[in-house]
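Here is a short note for a colleague meeting this structure for the first time. Please read the points with the model open.

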Amino acid sequence: MPSDGLADRRLHPASILLGIDLRQTIQALIFPLVAGFAAGGRVILVILAVFGVVALIGRTLAWQRFSFGFDGEVLRVEEGVLSRSHRALDVARIQQVEIDRGAVARLFGLAALRVETAGSSSEVEVELRVIPLADAEALRDELRRSKAAAGDAASEGEGEHALSPPPAESVLRVPLRHVVLASVTGARLLVFPAIVGVAFQFVGDAFSDWAAERAEDLVEGLLLGRGALDGFGWRLALLGVAATLVASVATAVVVGVLRDAGFRIERVGDDLSVTRGLLSTRSSVVPLRRVQKVEVHRNWLRRLLGFAAVRIHSAGGSGDADRRVTVPLLPERAIDDLLAEVLPGVAGIPALTAHPPAALRRTMFRWLRQAVLIGASAIIAWRYAPFGVPDVVPWLAGALLPLFAVLAVVEYRQLGHGLTARVVAARTGALSVVTSLAPVVKVQAASTRANPLQRRLGLIIVVAHVAGPGGDVVIADTGTERGHWLLDRLTEHAAEPVAPEVRPQVLVMGGPPATADEG
Amino acid sequence: MQVWRVFGALWQVPLLAGASVTAVLLLGRAGWVVVALSVALLVTLLVWYPGARFRRWRWWLSDLALLLERGVLVRQRSAVPYFRIQQIDVVQGPIDRLLGLATLQVTTASATGTVGLPGIANADAPSVRAELLWRAAQAVAAHPGELSDAV
């Protein structure tokens with residue numbers, strides 16, 4: 001690849017078909033289709049055919065008018081059939097480059113390239129869909145090289161190493177069994193029930209009501225505790241539950257493996273390169289300097305097993321769950337090493353300061369309020385609802401109180417925050433504990449707030465505002481004095497940023513020790 | 001303050017009136033309690049709240065940052081370092097224009113880190129903005145190289 005970049009070129013012709021956004025198309029078509037079929041047969045086919053032809057012509061024209069080029073500094077994209085748009089994207093502004101390969105694209109050696117900048121719009125800045133894989137990789141490397149060169153020029157470093165592509169150094173590999181474990185212990189377990197729920201809706205709506213009625217009978221019988229279930233019925237119900245469980249686990253594993261198999265993070269120059277996926281692979285490049293926030297997620301199941309998931313947010317425009325970089329699962333002892341790699345100059349999760357005992361009263365208040373609200377609505381439903389609500393419901397609602405009280409204590413125990421010269425961290429959550437870390441260089445603004453109850457308890461919320469769709473770092477309910485102190489420190493850090501040295505690639509992990517601040 | 005009073009009135013009056021009417025219709029005699037409460041609430045919201053809000057609202061410029069303190073019930077403090085300022089807008093609603101006031105909206109790269117400085121006299125708004133922009137430029141100039149990129 002010549003270093004003067006790429007001349008203007010077009011997407012691969014296959015993009016006429018592959019460039020179609022399937023999800024959008026389906027969303028746009030599902031309603032007219034269903035309505036059409038309900039209305040009657042032949043006409044809808046004709047309409048569909050006409051629509052298809054028009055769409056094909058449109059796609060071809062769009063392909064013809066789409067061109068892109070990169071001259072070493074600016075990525076230019078021209079597109080549009082009726083209203084033309086020219087975009088120029090400065091290489092220094094790029095937040096994230098991603099290569100995405102669907103199953104079909106892989107079959108034909110094609111790939112989609114996405115480039116994101118720090119805009120706040122939810123759309124991807126530039127999407128080249130699809131181009132030959134070799135071109136995509138070349139363009140990605142070219143962008144990366146130019147970006148590194150631009151960065152070096154700005155920091156007055158010698159740009160020599162930028163010329164040869166730096167070697168990739170493995171940072172993290174998630175073995176397949178961890179991917180499987182992540183699927184089984186995460187929210188993905190709900191994928192199958194959700195699908196079944198939706199399918200059920202459709203089946204119930206469109207076709208026979210028989211199955212739905214049967215199921216309703218069954219559920220009603222269960223709820224009302226009526227004698228609707230004889231021995232056979234019970235066995236059937238148990239079988240159903242077991243089957244659902246097995247299917248949920250299986251779906252979760254399949255979805256998880258498809259999505260995250262072969263998950264690995266590599267360090268290439270000053271970028272992190274993340275690759276994952278079995279059938280459709282995705283590889284993203286996140287410049288280390290663009291990492292805005294890192295979250296360590298540990299739900300109770302994973303906490304028991306000693307694992308955590310780590311989410312890395314850059315300031316890329318789209319906060320789409322699909323495009324976030326999430327390490328599905330890694331052992332807790334590996335967290336600090338990963339953090340040291342992702343957040344330059346941070347040796348790991350800093351020592352966290354516990355919050356004042358008054359914070360317990362507030363978590364208690366919030367959880368009990370929740371319990372009382374749920375309980376009250378349950379009792380109202382039990383008392384006044386036109387359909388029969390079984391007598392256990394109020395008791396269940398009552399049992400929520402002690403349960404939620406325990407959760408409140410757990411949440412208080414987990415509350416914590418830390419501020420070092422490099423990073424601000426906050427930990428919250430009862431069942432699912434999230435530790436958010438943001439490098440202090442990336443803190444854009446800081447604020448505190450306290451409602452009357454908090455003021456009476458001497459508590460305050462501190463927010464470190466961070467760019468990007470990842471959200472802010474919120475330190476909930478620390479002492480008022482401590483809160484104002486944190487606000488001042490954060491403001492100083494944000495106003496006088498001292499960028500940490502990005503660790504030279506060859507050295508072993510280390511960096512300056514993070515100094516712990518005393519409260 | 002005037003603006004807040006008028007603005008508040010605009011949505012509070014219909015809301016509370018609506019609540020009162022439904023209360024009377026639904027509850028009969030007891031509904032009048034709701035009406036009385038609404039009127040009391042309206043008076044507080046119209047007479048006391050804007051004043052209290054105005055008294056608590058302050059902003060000033062420190063060496064490093066634009067600082068704000070505000071809030072009657074929920075007290076808030078914010079700090080926006082000049083270095084992080086991305087954009088400053090002058091916003092004027094119709095009532096603002098009537099009273100010759102303007103709001104400065106100071107935007108950072110964070111979606112939630114945006115603050116507004118309301119009730120600045122029309123004539124002062126450009127100079128306040130210029131001052132803030134100047135400080136922002138100074139702050140950026142003080143950080144050479146790649147550091148000057150706030151995101």
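1. How two helices lie. In chain A, helices H12 and H13 are roughly antiparallel to each other; angles over 145 degrees count as such, under 35 as roughly parallel, 65 to 115 as roughly perpendicular and the rest as oblique. H12 spans residues 358-384 and H13 spans residues 392-414. Their axes come within 8 Å and cross at roughly 165°. Axes here are lines fitted to C-alpha atoms, for helices over the stretch in contact, with angles from 0 to 180 degrees between N-to-C directions. The crossing of H12(A) and H13(A) is right-handed, meaning that the near helix is turned clockwise from the far one by less than a right angle. The residues of this contact divide into 21 nonpolar, 4 polar and 1 charged. Ala, Val, Leu, Ile, Met, Phe, Trp, Tyr, Cys and Pro count as nonpolar, Asp, Glu, Lys and Arg as charged, and the others, Gly among them, as polar.

2. Ground rules. This is a predicted model, in which local features need pLDDT of at least 70, side-chain atom pairs count only at pLDDT 80 or more, and totals for chains, interfaces and linings use all residues. Residues are numbered from 1 along each chain as its sequence is written, while chains are lettered from A and ligands numbered from 1 in the order in which they are written.

3. The two chains. Chain A has 15 helices and 20 strands; chain B has 4 helices and 6 strands. Both elements are DSSP runs numbered from the N terminus: helices (H or I) of at least four residues, strands (E) of at least two. Chain A counts 519 residues, 36% of them buried. For chain B, the buried share is 21% of 151 residues. Buried means 20 or more other C-beta atoms, placed from the backbone, within 10 Å of a residue's own; exposed means 12 or fewer, and partly exposed lies in between. Along its sequence, chain B reads α-α-β-β-β-β-α-β-β-α.

4. An open sheet in chain A. Six strands line up as E14-E13-E12-E17-E16-E15, with antiparallel pairing. Strands pair if DSSP finds at least two bridges between them. E14 (325-331) and E15 (416-419) of chain A stand at the edges with a single partner strand each, so one side of each has no neighbour in the sheet. The twist averages 15° from one strand to the next. Inside the sheet, 5 bridges join E12 (residues 291-298) to E17 (residues 433-439) of chain A. There, His297(A) stands opposite Val434(A) in E17(A).

5. A covered strand. Which strand of chain A has 7 of its 8 residues buried? It is E19 (residues 459-466). Strand E18 (residues 443-450) of chain A runs antiparallel to E19(A), joined by 6 bridges; Ser447(A) has Val463(A) as its bridge partner. Strand E20 (residues 473-479) of chain A is also antiparallel to E19(A), through 5 bridges. Leu459(A) is partnered there by Gly479(A). E19(A) and E20(A) form a hairpin with 6 residues between them. In its turn, Gly468(A) has a positive phi of about 90°.

6. Backbone details to check. Asp477(A) lies in strand E20 of chain A. Its phi is near 55°, a positive value in a residue other than glycine. Asp477(A) is buried, with 26 other C-beta atoms within 10 Å. Elsewhere, the peptide bond from Arg129(A) to Val130(A) is cis, with omega near 0°. Val130(A) belongs to strand E7 (residues 126-132) of chain A.
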